[in-house]
Amino acid sequence: MDKRALSAAFGAAVAAVLAVTASASATASAGNVLTTGSAGGTAVAAGDVLSASLASGSQAKITTTQGGSTGITCNSSAFTATVNSNPTAPGTATETVTAHTLSSCTTNISGATGVQSITVNNLPFAAAVSSGGSLTVSAGAAGPIQTTLKINTILGVTTCVYRAGSLTATPNNADNSLSFANQLFTKYSGPSTCPANGYFSAKYGPVRDTSQAGSPVVFVN
């Protein structure tokens, strides 16, 4: 083999090694969709429980119009979800939402004197978290996403039931939060005094992996 052929063969071998090394490095640094400690940190294990309450200083709101000021305001709300799968990023992690509560609520809806209770029905729900930075909640086997509101009025308690096809939230790694904005619920049952629509907005955070020591915050990659 002459020097030029030997040089070409050596160059090809080096290129192949570099390509394999780069590929392995990319795989190693990709991480999983959900991690703790940092973006690209320790993978959240399947079966771990994630939870969050309202972000400090925020409230959960259900308004009668998109971005409006009339409706219901809750000072306490929280959710719990179990991780089902957490693949390598980019990808989509799946979760099961097992609990979602809203309490300490007030209302300024005309004719209403207070909020007796808000109950999230048909749990558990399914959830999917994508590397693109979005979370989608969809109905589970128990039925559609549904919320029952019991509102006190001067004539007694009014029950209003609302349903949503799906809900979308945005994760934020800056404060490990999850934000819902103007998610539409439409009235399924209830008297004419129940508003036709409800728009749900809330910011939860930080989201934590409560299955791990110290309940570390969760990042989406």
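A disulfide is a pair of cysteine sulfur atoms within 2.5 Å. The structure shown is a predicted model, where local features need pLDDT of at least 70, side-chain atom pairs count only at pLDDT 80 or more, and totals for chains, interfaces and linings use all residues. Residues are numbered from 1 along each chain as its sequence is written, and side-chain values use heavy atoms, with hydrogens and water left out.

**View 1. The C160–C194 disulfide is left-handed.** The torsion about its S-S bond is about -80°, so the link has that hand. The two sulfur atoms sit 2.0 Å apart. C160 belongs to strand β11 (residues 156-164), while C194 lies in the loop between β13 (177-189) and β14 (197-204), so the bond ties together parts 34 residues apart in sequence. Strands here are DSSP runs of E, at least two residues long, and helices are runs of H or I, at least four, numbered from the N terminus. C160 and C194 are both buried. Buried means under 20% relative accessible area (1.4 Å probe, protein chains only).

**View 2. The C74–C105 disulfide is right-handed.** The angle about this S-S bond is 105°. C74 lies in strand β5 (residues 71-85) and C105 in strand β6 (residues 92-107), so the pair joins parts 31 residues apart in sequence. Their sulfur atoms are 2.0 Å apart. Both C74 and C105 are buried. Numbered in sequence order, the bonded cysteines pair 1-2, 3-4.

**View 3. The largest cavity holds about 450 Å³ of space.** Closest to its centre, among 36 lining residues, are F79, L135, V137, L178 and F180. A cavity is a set of points on a 1 Å grid over the protein atoms alone where a 1.4 Å probe fits but cannot get out; lining residues have an atom within 4 Å of a point. Points are joined across faces, edges and corners, and the volume is the space filled by probe spheres set on them. The lining has 27 nonpolar residues, eight polar and one charged. Ala, Val, Leu, Ile, Met, Phe, Trp, Tyr, Cys and Pro count as nonpolar, Asp, Glu, Lys and Arg as charged, and the others, Gly among them, as polar.

**View 4. The second largest cavity has a volume of about 80 Å³.** Its lining includes I62, T63, G71, I72, L149, I151, N197 and G198. Strands β4 (60-63), β5, β10 (145-153) and β14 each supply at least two lining residues. Seven of the lining residues are nonpolar, five are polar and none is charged.

Notes: Buried means under 20% relative accessible area, exposed over 50%, partly exposed in between (1.4 Å probe, protein chains only). On a 1 Å grid over the protein atoms alone, a cavity is a set of points where a 1.4 Å probe fits but cannot get out, and a pocket is an open set with protein on both sides within 12 Å along at least five of seven lines; lining residues have an atom within 4 Å of a point.
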